[in-house]
Amino acid sequence: MFSAQAFGAGLGSSADLVVSDSPATRHNGVRVTYLGTNAYQFEFKGHALLVDPYFSRVDLLSVAFGSRIQPDISRIADGMRHLAPKVDAILVTHGHFDHLLDVPIIMSKTHTRLIASRSSIDLVRRLPDEGGFPKRFDAVAARDIRRIGPWKIRVLPATHDRLFGKVPFDRHEQRSAGPPQRASDWICGEPLAFLIEINGQRIYIDSGGTPAQLPPNESGNSRMDLAILGMALPDSRARLPAALDRLQPRYILPSHQDNFFRPLDAGFQFGPLTDFPRVQRDCARASRSRLILLDYFRPWTLPRR
């Protein structure tokens, strides 16, 4: 069930693929910072977008035994020290706890809006408002477009990978009327992907998927500059060659492949169900694309064409 690299393997074995800015890097381009799990910060000229920000890293036993889970305030504070002063919006791909659990607190502290599916927004609305700051919600669906500051955001259809043949917590509405308390309450809802256009560059990001739903061919004759593709489970890896053929990215960044049940300060470790050697082999066939990795909180500026 578990790949050999999952037991203690970090990024050191793939150090030649890890990219980051040097002290001499000029910060006038689009900077990408990996925040763990499927969480990213994109920055450009004093503006920032967050995708799936999650710092609490709930432990595996709490999830497996259906215990009540809640955001870890201390870990969120540590993670937010790496965020830009101004956040224009938070994008969320779906409602699972490892994507949405920390978002209400981060919204309150950054005073920013949430762009997500209706089911994800409904989960956040059910929580008690403890921040004292009115939360702003923007419910979106596939094919919607949002323009926020310098960002153009296209909302795209997506699917969620299956775990042992089934999408985890695969519901569009919560069974109870109260706030989500256990991992199973943070339902998947409608999965989304995003195409972010900024500074003449195009970034595609999702959290995974299946071969039945490939990324839409939105690029026309223009290649994606960066494709961030969830790689947590076998379904994601099965669709990877066809997804790369659709997107034709200059850079490939496999995502959601760290062990997100470990705290961030423990360092990167591949998750037990990942298979990075297979990802490397499939990416090697995309001859016009470069495979890269990012370490936690080490920004990298996306090169211009």
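Hi everyone. Before we start, some ground rules. The model is predicted, so local features need pLDDT of at least 70 and side-chain atom pairs count only at pLDDT 80 or more, while totals for chains, interfaces and linings use all residues. Residues are numbered from 1 along each chain as its sequence is written, and side-chain values use heavy atoms, with hydrogens and water left out.

Let's begin with the sheet. Helices (H or I, at least four residues) and strands (E, at least two) are DSSP runs, numbered from the N terminus. Two strands count as paired if DSSP finds at least two bridges between them. In general, strands of a sheet pair through backbone hydrogen bonds, either parallel or antiparallel. Here, seven strands make an open sheet, in the order β6-β5-β4-β3-β2-β1-β14, with mixed pairing. At the edges stand β6 (136-139) and β14 (300-302), each with a single partner strand, so one side of each has no neighbour in the sheet. On average, neighbouring strands of this sheet are turned by 25° against each other, direction ignored. For angles, axes are lines fitted to C-alpha atoms, for helices over the stretch in contact, and the values run from 0 to 180 degrees between N-to-C directions.

Now please find strand β2, residues 39-44. Is β2 enclosed or open to the outside? Six of its six residues are buried, so β2 is largely enclosed by the rest of the structure. Buried means under 20% relative accessible area, exposed means over 50%, and partly exposed is in between (1.4 Å probe, protein chains only). In a regular strand the side chains alternate between the two faces of the sheet. You can follow that pattern in β2: Ala39, Gln41 and Glu43 point one way, while Tyr40, Phe42 and Phe44 point the other way, and all are buried.

What are the partners of β2? Strand β1 (residues 30-36) runs antiparallel to β2, and five bridges join them. Across that pairing, valine 32 stands opposite phenylalanine 42, and arginine 31 stands opposite glutamate 43. β1 and β2 form a hairpin with two residues between them, and threonine 37 in the turn has a positive phi of about 55°. Strand β3 (residues 47-51) also pairs with β2 in the antiparallel sense, over five bridges. There, glutamate 43 has alanine 48 as its bridge partner. β2 and β3 form a hairpin as well, with two residues between them, and lysine 45 in that turn has a positive phi of about 50°. In the loop between β2 and β3 you will also find glycine 46, which is exposed at 57% relative accessible area.

On to salt bridges. A salt bridge is a side-chain nitrogen of Lys or Arg within 4 Å of a carboxyl oxygen of Asp or Glu. How many does a search of the whole structure find? The search gives 16. One of them joins arginine 146 and aspartate 138, at 2.7 Å from N to O. Arginine 146 is partly exposed at 22% relative accessibility, whereas aspartate 138 is buried at 16%.

Another pair is arginine 154 with glutamate 197, whose closest N and O atoms are 2.9 Å apart. This pair links distant parts of the chain: arginine 154 sits in strand β8 (residues 151-157) and glutamate 197 in strand β9 (residues 192-198), 43 residues apart.

Next come aspartate 206 and arginine 239, with closest N and O atoms 2.9 Å apart. Aspartate 206 lies in the loop between β10 (201-205) and β11 (226-230) and arginine 239 in helix α6 (residues 234-247), so the pair ties together parts that are 33 residues apart in sequence. Aspartate 206 is buried at 0% relative accessible area, and arginine 239 is buried at 2%. Salt bridges that share partners also join Asp21, Arg31 and Glu43 into one network.

Last stop, the cavity. On a 1 Å grid over the protein atoms alone, a cavity is a set of points where a 1.4 Å probe fits but cannot get out, and lining residues have an atom within 4 Å of a point. Grid points are joined across faces, edges and corners, and a volume is the space filled by probe spheres set on the points. The count comes to one cavity of 30 Å³ or more, and the largest cavity has a volume of about 60 Å³. Its lining includes Tyr34, Tyr40 and Phe268. Strand β12 (residues 251-255) gives the most to that lining, with three residues.

Note on methods: On a 1 Å grid over the protein atoms alone, a cavity is a set of points where a 1.4 Å probe fits but cannot get out, and a pocket is an open set with protein on both sides within 12 Å along at least five of seven lines; lining residues have an atom within 4 Å of a point.
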